[in-house]
Amino acid sequence: MTTVYAWVESPLGELLLVGEVVADAAGVAGVRLRSLSMPGQKGGAVVQDGWRHAPEAFAEVARQLEAYFAGRSTRIDVPLAEGAGTEFQRRVWEALESIPYGSTVSYGEIAARVGASGAGVRAVGTAIGRNPLLVVRPCHRVIGADGALRGYAGGLERKKLLLGIEGGEG
């Protein structure tokens, strides 16, 4: 499998997009997005030896991100790489994808959705912090039960900016 990457300018800074080149049933190659990282992000992707710089492979992702940041789109819908994360993390990430644009939910609400209420809230927070697809998988929409902005791998200022773009809290 070939790993490709590109840098895309955004209001959050330069974003690093990482994808896997895969062939569909007809043998046509396409890219599945594996990671979207921000500068200085905790646990963000770092370009590795052997990866191929291929901005053209991310043209559709870049177009959708630009529309999102400009307020012309409410979601980013691109093919995603499979297999990342544990089964629990994937359940949490799926719950993130169900949070409507412009809305926020608490960590406790996500924990309840995945059957991990009570002490499971901390595990949910950890799983959210390991989300490799910031912006695409909207972990910025998860806030504290008291309405306060809490934890974001890209930094609280970026979380606030994303919520502001969406017209939500922030």
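The following questions and answers go through terms used for this structure and the values behind them.

User: What kind of model is this, and how are its residues numbered?
Analyst: This is a predicted model, in which local features need pLDDT of at least 70 and side-chain atom pairs count only at pLDDT 80 or more, while totals for chains, interfaces and linings use all residues. Residues are numbered from 1 along each chain as its sequence is written, and side-chain values use heavy atoms, with hydrogens and water left out.

User: Why is Arg141 called buried?
Analyst: Buried means under 20% relative accessible area, exposed means over 50%, and partly exposed lies in between (1.4 Å probe, protein chains only). Arg141 has a relative accessible area of 6%, so it is buried. Arg141 sits in the loop between H4 and E6. Here helices (H or I, at least four residues) and strands (E, at least two) are DSSP runs, numbered from the N terminus.

User: What does Arg141 touch, not counting residues up to four places away in sequence?
Analyst: Contact means heavy atoms within 4.5 Å. By that rule Arg141 touches residues including Thr74, Ile99, Pro100, Tyr101, Leu163 and Glu166.

User: Is Gly108 buried, partly exposed or exposed, and how do you know?
Analyst: Gly108 has a relative accessible area of 33%, which lies between the cut-offs, so Gly108 is partly exposed. Gly108 is found in helix H3. Its C-alpha atom is separated by 9.6 Å from that of Ala119, 11 residues apart along the chain.

User: What makes the phi of Val135 worth a remark?
Analyst: Most residues other than glycine have a negative phi. Val135 is not a glycine, although its phi is positive, about 75°. Val135 lies in the loop between H4 and E6. With 4% relative accessibility, Val135 counts as buried.

User: Why is strand E1 described as largely enclosed?
Analyst: In strand E1 (residues 2-8), 5 of the 7 residues are buried, so the strand is largely enclosed by the rest of the structure.

User: How do you know which strands pair with E1?
Analyst: Two strands pair if DSSP finds at least two bridges between them. E1 and strand E2 (residues 15-23) have 7 bridges in the antiparallel sense, so they pair. E1 and strand E4 (residues 52-53) have 2 bridges in the parallel sense, so they pair as well. As examples, Ala6 has Leu17 in E2 as its bridge partner, and Tyr5 has His53 in E4. The hairpin of E1 and E2 has 6 residues between the strands, and in it Gly13 takes a positive phi near 110°.

User: In what order do the 4 strands of the open sheet stand, and what makes a strand an edge strand?
Analyst: The order is E3-E2-E1-E4, with mixed pairing. Strand E3 (29-37) and E4 are the edge strands, as each pairs on one side only.

User: How do you know that the buried residues of helix H2 are on the same side of it?
Analyst: The buried residues of H2 (residues 87-97) are Gln89, Val92, Trp93, Ala95 and Leu96. They cover an arc of only 155° around the axis, which puts them on the same side of H2. The arc is that of the directions from the helix axis to the C-beta atoms. Among what covers these residues are helix H3 (107-113), H4 and strand E6 (142-143).

User: What is called a pocket, and what volume does the largest pocket have?
Analyst: On a 1 Å grid over the protein atoms alone, a pocket is an open set of points with protein on both sides within 12 Å along at least five of seven lines, and lining residues have an atom within 4 Å of a point. Grid points are joined across faces, edges and corners, and a volume is the space filled by probe spheres set on the points. The largest pocket has a volume of about 290 Å³. Of its 13 lining residues, those closest to the centre are Lys42, Gly125, Gly129, Gly151 and Tyr152. Helix H4 (residues 120-129) gives the most to this lining, with 4 residues.

Conventions: On a 1 Å grid over the protein atoms alone, a cavity is a set of points where a 1.4 Å probe fits but cannot get out, and a pocket is an open set with protein on both sides within 12 Å along at least five of seven lines; lining residues have an atom within 4 Å of a point.
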